[in-house]
Amino acid sequence: MHSDCIVIEGSNMAEAHPVGFQWVMEAKRRGATVIHVDPRFTRTTAVADEHVPFRGGADIAFLGGLISYVLENELDFRDYVTAFTNAADIVDDDFTDSGDVDGLFSGYDPDTGHYDPASWALDGAYRAPAAGKRDAWESQMPDGPRPGADPMGHHEPRRDETLTHPRCVFQVLRRHYARYTPEAVARVCGMSVEQFLQVARSVTENSGRDRTTAWVYSVGWTHHTVGVQYIRAAAILQTLLGNMGRPGGGILALRGHASIQGSTDIPTLFDLLPGYLPMPSAHHETLADYIDADAAKTGFWGDMDAYTVSLLKAWWGDAATPENDFAFDWMPRITGDHGSYVTVKNQIDRKSFGYFLVGENPAVGHANGKMQRLGLANLEWLVVRDMQMIESASFWQNGPEIETGELRTEEIGTEVFFLPCANHTEKSGSFTQTQRLVQWRHEAVHPPGDSRSELHFYFHLGKRIREKLAGSTDERDRPLLELTWDYPTSGIHEEPDVVSVLAEINGADADGRPLSTYTELRADGSTTAGCWIYTGIFADGVNQADRRKPGSEQDLVAHEWGWAWPANRRVLYNRASADAEGRPWSERKKLVWWDEEQGRWVGHDVPDFEATKPPDYKPDPGATGPDALAGTDAFNMQSDGKAWLYAPSGLADGPLPTHYEPVESPVANLLHDQQDNPAREEMNRAWNRLNPSQSEVFPYVFLTYRLTEHHTAGGMSRTLGYLSELQPEFFCEVSPALARERGLEHMGWATLISARTAIEARVMVTERMKPLRIGDRTVHQIGLPYHWGSNGLSVGDPANDLLGVVMDPNVHIQESKVATCDIQPGRRPRGPALLEYVADYRRRAGVEPGGIQ
Amino acid sequence: MGVRTWLGEWPMFRQATGPDPLGRGAAVQSPRTKALEPRTDAADEVVKSVCPFCAVGCGQDIYVRDGRITQIEGDPDSPISRGRLCPKGSASTSLVTSPSRVTTVRYRRPYGTEWEDLDLDTAVDMIADRVIDARRRGWEDTDSQGRVLRRTLGLSSLGGATLDNEENYLIKKLFMALGAIQVENQARI
């Protein structure tokens, strides 16, 4: 609500996060301009000051256009850019830009579909990335040195503080986006030049010393084959405008599950350990290898050894010693992508036998539902833990493949255990919400019948497995048998003590006293911490997440409500809210500043900086860790303390975002020769056929999205009376023009067809959907809420069944926000006739045959 | 009963003469509605909680009477939500008291056509056996280059974004000790 301008792009915030949206409305009441950039006119659009209708999948063109507008008109916040970004760094002359060669960067290997990032380096220095592909050099060049690096990794890149050197980042950026002119952007996105310029003016006029602009996105940005680069593009723009680390600025990700942020911080994800430590890879033989390959030597990742050793001590206690590398060898190793889609492929191929589904319903909620259900049907055993009988548990009874005859119940060998779980009122524990704020819940009632918390289930499952393996001398069982797994329990069901788990996450010193902050962690084995960024949540032995001083008794920051990681900071990198000398950029945008008298950083938020490091501090040559960062290095998780306009490492698909079309696009790429992301990940199997790009057989674009009244795959909403009454049926939104073109009737039925399958939905003809002019053709977009499945009170076909799986190479997330289809009036064929109907479409489109193998 | 009292009981009279000219409050109360009390008043306790749907993190007050949840309301103390809940959050009471909720173990044997009953302890024991077996059969000591993997691809897990931090922590910790690397949740989606 401190923003002067809020751009919501890739999100329908009013619909999907309605209560959070009250703060956008507060900002608007205080004079902020609210802009909604979206293919659809939605509940968010209805209250925005400006709506920019545009084509899904064109966001990098749009953001690139804004970057170009800022650079060409010299509207960047120059004092901020020179103080806090890598704009002055010189890029190595081996680098060729995607603007120069067909839309490809240097280093691309067409045989493997991968980039070798060596040529993207800065002149004179290797820069370890703070996230992403941290050890790309090690995995791709096992024996070679890091480009540009000396053995200690201390080289500084050459810089040009005037930002005029032709190879400095600032100029590289300018050239890269030079072709993203307002006219070109308008053509690619399907908006008018005036609409584009209106946004450009609003954003630049509301950025600078006195004003800030915030960008808000959700899965409308992540669900693309270039999703990571969408967010990078926003980061470049917001950094150029000086909107990072400042009140009312930033890039806000709105997340869709109660603790999806927490399950990323304390990750149930294959590629991470708690606190964004990377999972060890096969080429990390020792703890030293792992730290050396993945950690920057400078900045706060320079202390990764302390975070890692503290984690190993939390898990293996006294069995983790300096002599055995703190049991690092007991960690399993990854070798590439072990994400959800690869796992399901392995299930279909019967290489993976057992599966736990815990509060997730992939048969409805994931792209390509058929692929998900085939995975389930080829398992040996499946454990589903949920409150309701979800489609992923009953696929063998009533899945769509049973109806078509592709699968027969009597031939499905999967053994299914449905175990009822406790709900949020029946257990104590913490959720981390979308702004990193951790809040504690208290148990109100006991769970009924066989229902148990996940804490109970996994603790007792682990205990049972350990008992069965007790006495084993097999080396592979040692990590299990030595695991610290002795939480106190209480009650007739022996519920583990959840506060003791929180205390383990927080960490303790050698005497068992709770630590207060992550800077107390040590690499010598004298401290523990189950998740270093959460250290401090149990400071002084007090559950800080359970603080509930009413908001009405606090200032707007409300530091005494819950606890935000890290260190209860509410705005990350807030050192950047003050200028190079440590003075607030303006009285109006004051947040954190240097107090000369006290000799420390003070302000309205917990400073995201070492408290007593003065703004004029210069590191000694050869310094490591945080000591190596200067008093102006606000972005202190980065190895150079700078915000990266240009990312020399860490990304799989280029150092700068480039507009590529979605894999299933109705149009050619009007900006570059390269049509789509050359480094994307594909799975070419019979159950995952893709529609050809620019196919006349699949001429329309469809988008999937959420409704206020339903929740994800529907297990927590389609089973409830009120919500099912409010949104009773699956529908598709089409424009009057498309309805005329295909003979669709409002409230009638339509069948939507892709190379995967055909589904049916009620038709909603609405002016909210607008046909767009892209190049020389009209593009129609169809909206599909994705909540429905066969079980519950409100049932319907799953929209996700229409999608194929093709993925972003950085994070392995599927492109589910843009794909193509055909639409016809009437209901879909039933039974085996459906298969023939879709097979005919595939034949006409020149797509290989489908199937279940 | 005097005329005055009788008139005073007549809603039209009260609406015309009393402080409720629009007839939306006291003027239209009958003895029955007058005696009604919000079920939140009769709660034995109010327990502090957080909404389980999206990630905004709205505060919830859980009203409990006789060991059962009678109502869930927005928590006015929360600086995030200031007492508000959206349609989903407002439906939380029906979520936790849903008649279609499954509260006993259901078991489908391989190639079975119906659900069967199963004792919870037996189920956990069977699952423990299956985990040990799948772990062993999917085990990989090294890759083709001889590099140490020390992992299993025999089993996997999906889900976590609807769970508590402490629960995700135990899942990750147990699976790492098992060597089971294929742990994923909604954040990938």
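**Domains, strand and core**

Author: Domain bounds here come from an automatic or database assignment. The model is predicted, so local features need pLDDT of at least 70 and side-chain atom pairs pLDDT 80 or more, while totals for chains, interfaces and linings use all residues. Residues count from 1 along each chain as its sequence is written, and chains are lettered from A and ligands numbered from 1 in the order written.

Four residues of domain 2 of chain A are in contact with four residues of domain 3 of chain A (contact: C-beta atoms, placed from the backbone, within 7 Å). On the domain 2 side of that contact, there are two polar residues, two charged and no nonpolar. Nonpolar means Ala, Val, Leu, Ile, Met, Phe, Trp, Tyr, Cys or Pro; charged means Asp, Glu, Lys or Arg; the others, Gly among them, are polar.

Now the strand. Strand β10 of chain A covers residues 354-358 (strands are DSSP E runs of at least two residues, helices H or I runs of at least four, numbered from the N terminus). Five of the five residues of β10(A) are buried (20 or more other C-beta atoms within 10 Å of its own, placed from the backbone; exposed is 12 or fewer, partly exposed in between). G354(A), F356(A) and V358(A) point one way from β10(A). Y355(A) and L357(A) point the other way.

What does β10(A) pair with in chain A? Its partner is strand β11 (residues 381-386) of chain A, parallel, through five bridges (pairing needs at least two DSSP bridges). V358(A) has R385(A) as its bridge partner in β11(A).

β10(A) also reaches across to chain B. Four bridges join β10(A) to strand β8 (residues 155-158) of chain B, again running parallel. G354(A) stands opposite L155(B) there.

That pairing has a wider setting. 127 residues of chain A are in contact with 99 residues of chain B. Helix α20 (residues 454-469) of chain A gives the largest share of the chain A side, 11 residues. That side has 60 nonpolar, 51 polar and 16 charged residues.

Chain B itself is divided into domain 1 (3-35), domain 2 (45-96) and domain 3 (121-188). The centres of its domains 2 and 3, over C-alpha atoms, are separated by 34 Å.

Last, the core. The largest nonpolar core has 293 residues, and I6(A), L237(A) and L752(A) touch the most other members (such a core joins buried Ala, Val, Leu, Ile, Met, Phe, Trp, Tyr and Cys through C-beta atoms within 7 Å). Helix α14 (residues 304-316) of chain A gives the most to this core, nine residues. Leaving out residues up to four places away in sequence, L237(A) touches L63(A), L66(A), I67(A) and V70(A). In soluble globular proteins, nonpolar side chains tend to be buried together.

Technical notes: Two residues are in contact if their C-beta atoms, placed from the backbone, lie within 7 Å.
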